[in-house]
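These are my notebook entries on one protein model, written down in the order in which I looked things up.

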Amino acid sequence: MPGLQQARSPRPRHVRGYHLVRSVPTDPRLCLGVADGLGPSRAPADHGGLQSVGADRGREIPMSSPDVDRWIVASSGGFVGTGLWGVMRPGRIFTRALELSGRPRPRVLLVLTASGDDPQYLAAMYSALADTDCDVDHLALFPQPNRAVDDAIDTADVVWVGGGSVANLLALWRLHGVDRALVRAWESGTVLGGVSAGSICWHVGGPTDSFGSQLAPVTDALALLPYGNGVHYDSEEQRRPLLHTLVGNGTLPQSYATDDRVAIVYRGTQPVEVVSDVPDSDAAAYRVVQRDGATIEERLPPGRLVT
């Protein structure tokens, strides 16, 4: 397959009122979503000391050593069209994930479980990355794993999870131990990221069309990030009101959402940056909270988040 590179040996790991909207300020120097000083060796310290619940539900996942950078890029984008039918190229969101790995030529693992390892989707991804300075491999689970799950994930610098059914993704990951391998990888410094289902999966859960055309909540995702998550916030009309309802009634905790072609970058469990594939648009991210009996939505424009 074009762009397929032979996997290298594992790298040494580091030590282990319903719709009130207001805008949260960002650093104006970072309007393109490029955060100066936010990188593998120059990131702000984590705050809050949060513990997150990982793949084995009910079990606390210990936080990694303070000198390990743990990044998640949770998006409704990552790749953009080229003007040619079915041909994509990496957008700013995906290249940001590559940068966060700190590697001159990162090893990227594509995980497209949510689409049933759709071969056309996989071929399009390989084609999109053919001219990108990274080595590309993939982990497939249909009809059976194409390689040892731990080996595939342990050799990756960046894991990118594609869209589709997050409910099916979670079931298959737990069946094959992908969830546990991803938790270990995150704790060791592998950059995790993805789009749509590949965004919701890192959170507690969020609205999904996994069960049919009427959206419903999934609440048993990996919870590396202790928040709910909304995707395709500006393009699918059920997404925003359902997320507000789920936060308002306590089904989901405080949540973060992204418009199409927007991502939130988390260092540890803290959101630190909003990145856009289309920086000249109005697309943004959002924080949705329950406060004084009202569901409040705060707009987070592209750039480094000011806390």
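I began at Ala223, which I found in the loop between β12 and β13 (228–230), where helices (H or I, at least four residues) and strands (E, at least two) are DSSP runs, numbered from the N terminus. I noted that this is a predicted model, in which local features need pLDDT of at least 70 and side-chain atom pairs count only at pLDDT 80 or more, while totals for chains, interfaces and linings use all residues. Residues are numbered from 1 along each chain as its sequence is written, and side-chain values use heavy atoms, with hydrogens and water left out.

Entry: backbone exceptions. Ala223 has a positive phi of about 60 degrees although it is not a glycine, and with a relative accessible area of 11% I put it down as buried (buried is under 20% relative accessible area, exposed over 50%, partly exposed in between, with a 1.4 Å probe and protein chains only). I then turned to His232, in the loop between β13 and α7 (239–248), whose phi is near 50 degrees, again a positive value in a residue other than glycine. His232 also counts as buried, at 15% relative accessibility.

Entry: the eight-stranded sheet. I traced an open sheet with mixed pairing, in the order β8-β7-β9-β10-β4-β15-β16-β19, taking two strands as paired if DSSP finds at least two bridges between them. Its edge strands are β8 (135–139) and β19 (303–304), each of which pairs on one side only. Five bridges join β8 to β7 (residues 107–111) in the parallel sense, and Val111 stands opposite Leu139 in β8. Helix α2 (residues 119–128) packs on this sheet, touching β7, β8, β9 (158–161) and β10 (191–195), and its direction makes about 165 degrees with that of β8. Here contact means heavy atoms within 4.5 Å, and axes are lines fitted to C-alpha atoms, for helices over the stretch in contact, with angles that run from 0 to 180 degrees between N-to-C directions.

Entry: a helix pair. At what angle do α4 and α5 pack? I read about 85 degrees between α4 (residues 166–176) and α5 (residues 178–188), with their axes 5 Å apart, so α4 is roughly perpendicular to α5 (the class for 65 to 115 degrees; under 35 is roughly parallel, over 145 roughly antiparallel and the rest oblique). Trp173, Arg174 and His176 of α4 make the contact with Val178, Asp179, Arg180 and Leu182 of α5.

Entry: an exposed phenylalanine. Is Phe211 buried or exposed? Phe211 is exposed, with a relative accessible area of 53%, and its place is the loop between β11 (206–208) and β12 (216–218). Leaving aside neighbours within four places in sequence, I listed Ala167, Ala216 and Pro217 as the contacts of Phe211. Ala167 is 44 residues away from Phe211 along the chain, and their C-alpha atoms are separated by 8.0 Å.

Entry: totals. I counted seven helices and 19 strands in the protein, and buried residues make up 56% of its 307 residues. The accessible surface comes to about 12,900 Å², of which 52% belongs to carbon and sulfur atoms, by the Shrake-Rupley method with a 1.4 Å probe, where for residues only the protein chains shown count as cover.
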